[in-house]
Amino acid sequence: MNYLQAESITKSYGDLVLYSDLNFSVEKGQRVAIVANNGAGKTSLLRILAGVDQPDTGNVIIRNDISLSYLPQEPFLNANLTVLEEVFASANQTMLVIKEFEEACLSSDTQRIDKATQAMENANAWDYEVRIKQTLSKLNITNFSQPINELSGGQKKRLALAKVLINEPDILILDEPTNHLDLNMIEWLEDLLNASKSTLIMVTHDRYFLDRVCNIIYEIDNRQIFKYKGNYSYYLEKREERITNQNIEIEKARQLYKKELDWINRMPQARGTKAKYRIDAFDDIKAKAFSEVKRQNLQIDMQGSRLGNKIIDIFNISKKYGNKVLLNDFSYKFMRGEKIGIVGANGIGKSTLLNIITGAIEYDSGHIEIGSTLNIGYYKQEHLPLNENKRVIEIIQEIADDIDMNDGRHLSPTQYLNYFMFPHDMHYSLVSKLSGGERKRLYLMTVLMHNPNFLILDEPTNDMDILTLNVLEDFLQQFNGCVIIVSHDRYFMDKVVDHLFVFEGDGKIKDFPGNYTQYREWRAAKDEAEKQKKTSNIKPQNVKERSTEKKKMSYKETKEFEQLSTDIEKLETEKAEIENLLSGGESDAKKIMELSQRFDLIVKEIDSKTERWLELSELC
């Protein structure tokens, strides 16, 4: 079933034409990714599909009665609302039912309460608020009464993501949904989207996420759109085939053009007698012969300054804010050439460690020794230090007029911009006119211009196109200095890092020898072993004869098992009674609120006791 149809879409900004005459469709149940280089118009196309922006020509047709939710890169939230109020501000029908119920309870209007209570029952909305809070908690938003204006940029993006996910629309349009999510959140989101019934259209640079979630890829290239029926791995293979075939066709057209040009130029006085169809076809042949498949050949080959034997030695560093311990007695000596990835939940201390290393913040105890040749290049996640009112070339000229390359070349600012895929017509564009990915690429250029020998990259993959990421990966693999990377991009981490600093909480940092996938496999095996240890009936290996007799419950466990059965039965009875009261048997507003809160607690308690009952039942 066709949910969305884009017909003859053309979009330009001034003289910059993003795409022309795009035609494509999205079917029910498809999970579509849109890929392209930075500045090719991915975000612009999502805005058009979501109805936020209009194309210059063409139109988007969405099937009647289809609901759609859109997550922009920079979401708009009402700063005057709290977190929960913002979620309930959605137009989702269930949200409106819950909102009306809460307002009815506050009004003390008996008829309104009865009507709202019945609507809650009809919408099966009694446990909906619990699900909302669970989704927010998964995205590390736990203060539901916090005002929007107090949230960080990352929290606002996660709140906006929670809103569109809770709505469960028919079409879900997501622009870089994994930005500001930690690795556990991304894996949770993968599972959620794979289980969702929503049709998905998204832009993402996360190649593992793209590979595991999407089954259709549309690529914008040279103002055209190309469709690939498969995941990211399939797209890479077929894209190369497409480019190779196009180049073959262009070469054939050039050979034919030479032949036809010779024919056209012969006996010009007799041109009127020449075959009209052949003359008309000549212009098409000429256009094809002089076309080209754009293959970006970005390479990063910057020169790093010399790095001595002593780099950074950290001795017993500790840091806390109030009662929250971020670093506890951490020591490490950095070695030349090592590539370290940092993983851990948001707010657990990753950026704190980076800021301590760079001297941006003070530590509470311990000491750090810095090598005399150290030259740190710090790519920060937030607040890009680029003046949006300056032109692109001015940003480069302010740093240097002569840029050293690794092969001994010296580039001018113009050459340097061309080298990083900023064509000449963009050199005098204002920074404010650049796309998010183009700004990140320009910022990376300014960091590398200083020839660092110790690179710290805090979320370098956000908003960067896949081509730039591939090249950056290759550069970092060959980089002779030290690299520290904080990134939620698992593909990027797997390709670059050789070991991890895993932030486990309470200031503990584990040094794991391997990349992220290897760490995940190790952790999964460890969790499984611990689970088996708890449930296994096998005696330790130093016992020569293993008993085949099944372990029995202790007296204490038997009494607990019996009590659990009684408790669960009572809770189920109380739950049913509350459901009946909420369905119309109770009209007092205060009492209804108390019953609703008690209902939520009962559901959680039943789940907890049932899980324990199942554990003990294995011993029966």
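Tyr208, at 19%, counts as buried. Everything here comes from a predicted model, in which local features need pLDDT of at least 70, side-chain atom pairs count only at pLDDT 80 or more, and totals for chains, interfaces and linings use all residues. Residues are numbered from 1 along each chain as its sequence is written, and side-chain values use heavy atoms, with hydrogens and water left out.

A search of the whole structure finds 16 aromatic pairs. Rings of Phe, Tyr and Trp (its six-membered ring) pair if their centres lie within 6.5 Å; planes under 30 degrees apart count as stacked, over 60 as edge-to-face and the rest as tilted. Tyr208 and Tyr491 make an edge-to-face pair, with 5.3 Å from centre to centre and 65 degrees between the planes. Their pairing links distant parts of the chain, 283 residues apart: Tyr208 belongs to helix α8 (residues 207-213) and Tyr491 to helix α16 (residues 490-496). Helices (H or I, at least four residues) and strands (E, at least two) are DSSP runs, numbered from the N terminus.

Phe330 and Phe501 are another edge-to-face pair, at 5.5 Å centre to centre and with 80 degrees between the planes. Here the partners are 171 residues apart, with Phe330 in strand β11 (residues 324-333) and Phe501 in strand β19 (residues 499-505). Both Phe330 and Phe501 are buried.

## The six-stranded sheet

Let's turn to a sheet. Its 6 strands form an open sheet in the order β14-β17-β18-β12-β19-β20, with mixed pairing. β14 (376-379) and β20 (508-512) stand at the edges with a single partner strand each, so one side of each has no neighbour in the sheet. From one strand to the next, the twist averages 15 degrees.

Strands β12 (residues 339-343) and β18 (residues 482-486) run parallel and are joined by 4 bridges; strands pair if DSSP finds at least two bridges between them. Within this pair, Gly341 stands opposite Ile485 in β18.

Helix α15 (residues 466-478) packs on the sheet, touching β12, β17 (454-458) and β18, and its direction makes about 145 degrees with that of β17. Contact means heavy atoms within 4.5 Å, and angles run from 0 to 180 degrees between N-to-C directions of axes fitted to C-alpha atoms, for helices over the stretch in contact. Among the buried residues of α15 are Ile466, Leu469, Leu472 and Phe475.

Strand β8 (residues 216-221) is mostly covered, with 6 of its 6 residues buried. Ile216, Tyr218 and Ile220 point one way, while Ile217, Glu219 and Asp221 point the other.

β8 pairs in the parallel sense with strand β3 (residues 31-35) over 4 bridges, and runs antiparallel to strand β9 (residues 224-228), with 5 bridges. Tyr218 faces Ile34 on one strand and has Lys227 as its bridge partner in β9. In the hairpin of β8 and β9, 2 residues lie between the strands, and Asn222 takes a positive phi near 55 degrees.

Methods:
Buried < 20%, exposed > 50% of the residue type's maximum accessible area, 1.4 Å probe, protein only.
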